[in-house]
Amino acid sequence: PLSTLDITMGSGRKRPNNPMRELKVDKLVLNCCVGESGDRLTRASRVLEQLTGQTPVLSKSRLTIRTFGIRRNEKIAAHVTVRGEKAEEILERGLKVKEYELKKRNFSDGGNFGFGITEHIDLGIKYDPTTGIYGMDFYVVLKRAGDRVAKRRRASARVGQFQRVTKEDAKKWFQTKYEGVVLP
């Protein structure tokens, strides 16, 4: 598919960038899965609260897995959704830990991407021996302007193919905005 930059007008000059085609971060979801309820989970949620300034939501397990020692409906993880400027700032810190390198498989077909870090102290949070060290997953949802048409309650419609975010769009956005590297 042609992008707005590829299409030239009759005079031979490039078309100006269309603001409706610009990608932006819709939300950043931080997930910290501990695998058990209790003290470790509350400490992990405290880490997420320190990082984002928001209260995390606790997630329950869907199944009983005896080898992992978890029961159905037991709280095993904490996650928080961040939007706006704060999301971009936390994403920047997370990508700095990954040295702006992501694998090709980190990008989904819907134009979103995710990655994980092993130690939360790499994000700039001071190490606290009482808390311990937790890893977490970052998941970034990208969007273009105009996606509300599909989400609104009244007069909802489908988002056109040209306006949807694809895997290639997300990779290109990551490479241009953060000068990142997509590894094979």
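A: Contact here means heavy atoms within 4.5 Å. The model is predicted, so local features need pLDDT of at least 70 and side-chain atom pairs pLDDT 80 or more, whereas totals for chains, interfaces and linings use all residues. Residues are numbered from 1 along each chain as its sequence is written, and side-chain values use heavy atoms, without hydrogens or water.

Leaving aside neighbours within four places in sequence, Phe113 is in contact with Leu91, Leu102, Asn106, Phe107, Phe138, Tyr139, Val140, Leu142 and Trp173. Phe113, Leu91, Phe138 and Trp173 are also among the residues that touch the most other members of the largest nonpolar core, as are Leu30 and Met136. That core has 36 residues, a set of buried (under 20% relative accessible area, 1.4 Å probe, protein chains only) Ala, Val, Leu, Ile, Met, Phe, Trp, Tyr and Cys joined through side-chain atoms within 4.5 Å. Two or more of its residues come from each of S1, H1, S3, helix H2 (84-97), S5, S6 and helix H4 (167-177); helices (H or I, at least four residues) and strands (E, at least two) are DSSP runs, numbered from the N terminus.

The open sheet has five antiparallel strands, ordered S2-S3-S1-S6-S5, where pairing requires at least two DSSP bridges. Helix H1 (residues 39-52) lies across S1, S2, S3 (75-82) and S6, running at about 5° to S3; axes are lines fitted to C-alpha atoms, for helices over the stretch in contact, with angles from 0 to 180 degrees between N-to-C directions.

Notes:
Buried means under 20% relative accessible area, exposed over 50%, partly exposed in between (1.4 Å probe, protein chains only).
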